Amino acid sequence: MSKKPLVSIILPTYNRASVLGVCIESVLNQSYTNWELLISDDCSTDNTIEVINHYMVRNSRINGKTHEHNLGLPRNRNAALHEIKGQLVFFIEDDLVLHQGCLEKLVSTYNSFATNDIVIVPRLIENTDPDEEAVRRNVPFYVNKFTGEIFNNYGQDPGSVLKVDMGHACCLYPVDQLRNIGGYEEKAYKGTYCREESDLNMRLINLGFKFYFQPAAVADHNRVSTGGCRLSGRLKQTYYYARNHIVFLLRNFGIRSIYMIPFFLIEFSRRIFVNNLFSKSS
């Protein structure tokens, strides 16, 4: 592979016209220039199409596609995955703002390894608090061996490249290997689509892939409360988190899911009880 491979950046979006332009501008500002950007609009009802068309006219490396019907995030990502031309693919989100050297650091880190069976994970600085489980262990990712839950603290800076147990939704992958496993699972995950990226990453891990966290590749993740896969109401979010996590366990942990599901339900119920107790007391 060339030391300056074409990187296909896939940006799925849905009703996020208000933040989409800021994300695209951060791509245009990258110090690494051998990229193409495919913006895949999942049948937005706001003025997302106008934003996409504006940037397509402005830069020939940017392409856009709008679906006639809402596909959901996994199918939207897969549709884009089959159209790109790059050797590497970098999945981003419309509420992400890349620092100028983010893509260059990801590619140079990927090139530093002698194997293609790797995924490079950038540092995401969130506008929400990190998970206490990962903070307590001082790691970017912590996978609970009993419940299978994945706790994140990927805003931390360990100072050097670090091998990690998992990646988040915005990683750099080799395209061919992603296509070989069929991309994202399209039918299993519903609602918020929670765990669809964990499922993809776990299938790669089970094939022998290694994940490396590069804290020098930085992006700001300015989570917004509307559009995308956000669902209103705590009850819906709670239900789909539990439902999708159980599906994730069944799909990826085999016989171990027999004990992991009860452990998860007990721990999840405990957290809900504690959080409700504290919210009432405050």
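1. Phe91, Tyr173 and Tyr184 make up one aromatic cluster. Rings of Phe, Tyr and Trp (its six-membered ring) are paired if their centres lie within 6.5 Å; planes under 30 degrees apart count as stacked, over 60 as edge-to-face and the rest as tilted. The structure contains 13 aromatic pairs.

2. The model is predicted: local features need pLDDT of at least 70 and side-chain atom pairs pLDDT 80 or more, whereas totals for chains, interfaces and linings use all residues. Residues are numbered from 1 along each chain as its sequence is written, and side-chain values use heavy atoms, with hydrogens and water left out.

3. Phenylalanine 141 and phenylalanine 213 form an edge-to-face aromatic pair, 6.5 Å centre to centre with 85° between the planes. Because phenylalanine 141 lies in strand S7 (residues 141-143) and phenylalanine 213 in strand S11 (residues 210-221), the pair ties together parts that are 72 residues apart in sequence. Helices (H or I, at least four residues) and strands (E, at least two) are DSSP runs, numbered from the N terminus. Both phenylalanine 141 and phenylalanine 213 are buried; buried means under 20% relative accessible area, exposed over 50%, and partly exposed in between (1.4 Å probe, protein chains only).

4. Phenylalanine 264 and phenylalanine 268 form a stacked aromatic pair, 5.3 Å centre to centre with 15° between the planes. They are four residues apart in helix H9, and therefore separated by about one helical turn. Phenylalanine 264 and phenylalanine 268 are both buried. Helix H9 (residues 257-281) also holds phenylalanine 263, which is partly exposed at 41% relative accessibility.

5. The largest nonpolar core has 75 residues, and Ile24 and Phe90 have the most contacts inside it. Helix H1 (residues 17-28) gives the most to this core, with six residues. Such a core is a set of buried Ala, Val, Leu, Ile, Met, Phe, Trp, Tyr and Cys residues joined through side-chain atoms within 4.5 Å. Leaving aside neighbours within four places in sequence, phenylalanine 90 is in contact (heavy atoms within 4.5 Å) with residues including Val7, Ile9, Leu98, Cys102, Leu106, Pro122 and Cys171.

6. Which parts of the structure do the buried residues of H3 pack against? They pack against strands S1 (7-13), S2 (35-41) and S4 (88-91), and against helices H6 (175-180) and H7 (196-206). In helix H3 (residues 73-81), seven of the nine residues are buried, among them Leu73, Asn76, Arg77 and Leu81.

7. Helix H4 (residues 102-111) is largely enclosed by the rest of the structure, because seven of its 10 residues are buried. The buried residues of H4 include Cys102, Leu103, Leu106 and Tyr110.

8. Isoleucine 52 is found in helix H2 (residues 48-58) and is buried, with a relative accessible area of 2%. Apart from neighbours within four places in sequence, isoleucine 52 is in contact with Leu20, Ile39, Asp41 and Gly64.

9. Most residues other than glycine have a negative phi. Cysteine 43, although not a glycine, has a positive phi of about 65°; it is placed in the loop between S2 and H2 and is partly exposed, with a relative accessible area of 26%. Asparagine 138, also not a glycine, has a positive phi of about 60°. Asparagine 138 is in the loop between helix H5 (132-137) and S7 and counts as exposed at 56% relative accessibility.
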